[in-house]
Amino acid sequence: APTGFQIPEGVTAIAPYAMDYFGGETIVLPECLETIGDAAFMNSMLIHIRIPKNVTTIGEAAFLGYDINGNFLSKLQSVEFAPDSKLETIGGLAFGGSQIKSIDLPDGVHTIGEEAFTDCKKLEDIVLPAAITELNRYVFNGCSRLKTFVMQEGLGYIGDRALRSNA
């Protein structure tokens, strides 16, 4: 199986399901990329992903992983955002079941979809950007190792079970 892959410059969007079940552990995304579609890398073997600065949207279930029994399980261990990231939206279930331990969300992120980080059982640290005004339902459901969770002053709504099953 391949360990790495590079998408050429000029590609501005990765379509829904375009790379689902991708067998590589790493991928280099072009700096001009703007959109990562729904389920674009669902059930892939990616261990690390760097999100280029021009990406504004990560679609629903973009990096979701699950096993044969339907349990959330992704190989993804780290997510890095380029400096000066323009990311605004993270879709529901986008990183569901991933193995990430911490994530530093860009300041411009204002929307995180339902269950975006559900069952990220190794997630320990997260600081929400000030642009987040609502915490959708089940967004951090099942993140049982969460130690540091910092909310900003502008947060006005926390949805059902947003932090359910957390230590």
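## Aromatic pairs

Let's start with the rings: searching the whole structure turns up 6 aromatic pairs. Rings of Phe, Tyr and Trp (its six-membered ring) count as a pair if their centres lie within 6.5 Å; planes under 30 degrees apart are called stacked, over 60 edge-to-face, and the rest tilted. Phe41 and Phe63 make a stacked pair, with 5.3 Å centre to centre and 0° between the planes. This pair joins distant parts of the chain, 22 residues apart: Phe41 sits in the loop between strands E2 (35-36) and E3 (48-51), and Phe63 in the loop between strands E4 (57-58) and E5 (78-81).

This is a predicted model, where local features need pLDDT of at least 70 and side-chain atom pairs count only at pLDDT 80 or more, while totals for chains, interfaces and linings use all residues. Residues are numbered from 1 along each chain as its sequence is written, and side-chain values use heavy atoms, leaving out hydrogens and water.

## A cluster of rings

Phe41 and Phe63 are both buried (under 20% relative accessible area with a 1.4 Å probe, protein chains only; exposed is over 50%, partly exposed in between). Phe140 and Phe149 form an edge-to-face pair, 5.3 Å centre to centre with 75° between the planes. Phe140 is buried too, at a relative accessible area of 0%. Together, Phe41, Phe63, Phe95, Phe117, Phe140 and Phe149 make one aromatic cluster.

Strands (E, at least two residues) are DSSP runs numbered from the N terminus.

E5 pairs with E3 in the parallel sense over 4 bridges; strands pair if DSSP finds at least two bridges between them. Ile51 has Phe81 as its bridge partner in E5.
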